[in-house]
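Please look over the structure shown below.

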Amino acid sequence: MATVTLEKVVKRYGPIDVVHGIDLEIGHGEFVVLVGPSGCGKSTTLRMIAGLEEISGGAVKIGENIVNDLPPRDRNVSMVFQNYALYPHMTVAENLGFSLKIAKRSKDDIEKRVAEAAAILGLGDLMERLPGQLSGGQRQRVAMGRAIVRHPDVFLFDEPLSNLDAKLRTQMRTEIKKLHQKVKTTVIYVTHDQIEAMTLADRIVIMRGGHIVQVGTPMDIFHNPANLFVAQFIGSPPMNLAEGIVGSNGKLTLANGDVLTLAPDMAARVPEGTAVTLGVRAEDLAIDGHGRIGSHISTIKAAVNLTEPLGNESLVFFEYGGSEWVTRMFNPRDIAPGETITLHVNMESIHLFDKTTEKRL
Amino acid sequence: MMVSHGTRKIYLKWCRWIGTFLAMSAICIPGLWIVLSSFRPNVEILAKPAVWIPQDLNFDHYAAIFSSDPGQGAVPVWSYFQNSLIIATTSTLIALLIGMAGGYAFARYSFKGKDTMFLGFMLSRTVPGIALSLPLFMVYARLGIIDTDFGMILIYVALNLPFTIWLIDGFFRQVPQELNQAAQIDGCTPWQAFWLVEFPLAKSGIASAGIFAFLTSWNEFALASQLTRSTASKTLPVGLLDFTSEFTINWGGMCALAVIMIVPALLLTFIVQKHLVAGLTFGGVKG
């Protein structure tokens, strides 16, 4: 276990900066997920920590040591790659024991630790197989096993689940979380999937265009997104948006002419005349007669486009303020497309973003 | 007339067999004829009309070329064999070593002028070797390396290298780069990552590049006939010329020497062919 510290870390390819001087502190045994759209610099950051990419500026520390100039082998990190990167000419047992063999551990020690890792990940029956004879999930497990036998200071995961089908992904996600609870090693995990980030992380680091946009616990980020980008990126279904202007007496006038009444503390916070983007999560909208939310509500009306039944609830899509909105309907009933519904907006949970800076108000 | 599905299938099967037989005949009959002729007396080889079924098979030609009497058709087979072996083996090893370094560099690194250099390698293959023989002869004469093993090794390394690099580059490209990175994270030096992970996976490709290089050097005639003079460096293909004299050609002896030349090449191909089966890289990464 070790801390990982990034200080003003820069990655430059020729004249182009892809990571712009980011700062981040990761604690002992913490599970941190770097998340963002493709090209945001999250994988590059991970690879700089691993030593697979040169660091163009700033410092990466593992524990107390600056590791900028150390080769990967001297950093005591393990990495699970997106495409597993198992050695195809070695059996599962050889794959697991490879790093220990390179470290010239005794045969008994190697056997013991390989057996230990195999037991944790349930690989017992597969030890003599070659990677080509394994299924995707099994290969993924071997890749994790290879990472844990070394007892590294830090685990690095580079989109490890993106090659698996949906069902297996959910299953492996749980296994990774269990594994972390068992071994309690510091984990840095890269993904573009916000659900993985939400479910796995102690803290989420949201990146965009080579910058860190927000760092926080999943709940913190979900409830208090720093800006419009984070608000849209985190949460499923994505946040509903509409443009408007804050008027006098805490009234929010939307572009479509509807007027919503802001909760008192928000009305006090946002100056009159501010052009804003309103953000409402699907959970903060309730169809009339299907649950009640909060004490401070505004009511809107809209025509339904379509519904997606999910069993215990349905997602209801409707046109509002020039874009498509969505809400969850509990105890669902049949709604015909085109039917006008009345919805209650929980004004205590809405988000307002400055229209120009996109920052949360 | 309607032809049933079953009849059609049998018909196609026969067509395939006949096609294969004809193709294999075109490839094998000349070789078979050489082997047969090496065991037949000259009278029978030269008989008109041709004697298709051998009447008299013996080892006379072999005995003659290994005898000590040049009048009987003896040639310094051992010297030629030795030269061929030394030249072909050494040039192949050198070509493989340089080819591995070059192929790896082309597969893994980007550097200035990479594409141009690669194109240059390929273009060098378009020049017929024989066209270079005169300039080479002059340069070699000045350097004093005509009729030496060293000279022949040098020319064969140059001849084989572009193709060797091209082949090995292709095989290293098939080995995913993440394997090297995984090995480095697992504690390997770059050198260990190469030898323990990438090399074993590209081994089959390197073996096939080796066979190509060996066979090219082993069978090459045009340049060797210009640049070798004596038993000091004459190779087996050039040795075949010993059987031609002003008025006659000793076909039997020539065929016997040709057989001696073919056997090691066949053996080598046979031994290495199990390494030629590619596909070992399957399964390491998501396909």
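Predicted model: local features only at pLDDT ≥ 70, side-chain atom pairs only at ≥ 80, totals over all residues.

B:Ile34, B:Ile65 and B:Phe66 supply 52% of the area that domain 1 of chain B buries against domain 2 of chain B, which is more than any other three residues.

Residues are numbered from 1 along each chain as its sequence is written, and chains are lettered from A and ligands numbered from 1 in the order in which they are written. Local features need pLDDT of at least 70 and side-chain atom pairs count only at pLDDT 80 or more, while totals for chains, interfaces and linings use all residues, and side-chain values use heavy atoms, with hydrogens and water left out.

## The two domains of chain A

Chain A is assigned domain 1 (4–232) and domain 2 (238–354). Seven residues from domain 1 of chain A and eight residues from domain 2 of chain A take part in the contact. The centres of these two domains of chain A, taken over C-alpha atoms, are separated by 39 Å.

About 640 Å² is buried between domain 1 and domain 2 of chain A, and carbon and sulfur atoms give 68% of this area. Zero salt bridges are counted between the two domains of chain A.

The size of an interface is often given as the accessible area lost when the parts come together. For chain A and chain B the buried area is about 2,200 Å², of which carbon and sulfur atoms give 63%. A:Arg73, A:Pro88 and A:His89 supply 26% of the area that chain A buries against chain B, more than any other three residues.

In this interface, 26 residues of chain A are in contact with 24 residues of chain B. The rule finds one salt bridge across the interface of chain A and chain B; the side chains of A:Arg146 and B:Asp186 meet in a salt bridge, at 3.9 Å from N to O.

## The largest cavity

A search of the whole structure finds one cavity of 30 Å³ or more, where a cavity is a set of points, on a 1 Å grid over the protein atoms alone, at which a 1.4 Å probe fits but cannot get out, and lining residues have an atom within 4 Å of a point. About 40 Å³ of space lies in the largest cavity, a volume being the space filled by probe spheres set on the grid points, which are joined across faces, edges and corners. The lining of the largest cavity is made up of A:Ser78, A:Met79, A:Ala143, A:Arg146, A:Ala147, B:Ala182 and B:Asp186.

The elements that give two or more residues to this lining are β6 and α4 (136–148) of chain A, helices (H or I, at least four residues) and strands (E, at least two) being DSSP runs numbered from the N terminus. With three residues, α4(A) gives the most to the lining of the largest cavity.

## The largest pocket

The largest pocket holds about 720 Å³ of space, a pocket being an open set of points with protein on both sides within 12 Å along at least five of seven lines. Its lining has 26 residues, of which A:Leu52, B:Tyr109, B:Gln177, B:Asn180 and B:Gln184 lie nearest the centre of the pocket. At least two lining residues come from each of α4 (77–108), α8 (177–185) and α9 (190–219) of chain B, and α4(B) provides the largest share, five residues.

## Backbone features

Most residues other than glycine have a negative phi, and most peptide bonds are trans. The peptide bond from A:Ser236 to A:Pro237 is cis, with omega near 0 degrees, and A:Pro237 lies in the loop between α8 (228–233) and β11 (240–246) of chain A. The bond from B:Lys48 to B:Pro49 is a cis peptide bond with omega near -5 degrees. A:Ala85, although not a glycine, has a positive phi of about 50 degrees.

Methods. Domains from an automatic or database assignment. Contact = heavy atoms within 4.5 Å. Buried area = accessible area lost by both parts, 1.4 Å probe. Salt bridge = Lys/Arg side-chain N within 4 Å of Asp/Glu carboxyl O.
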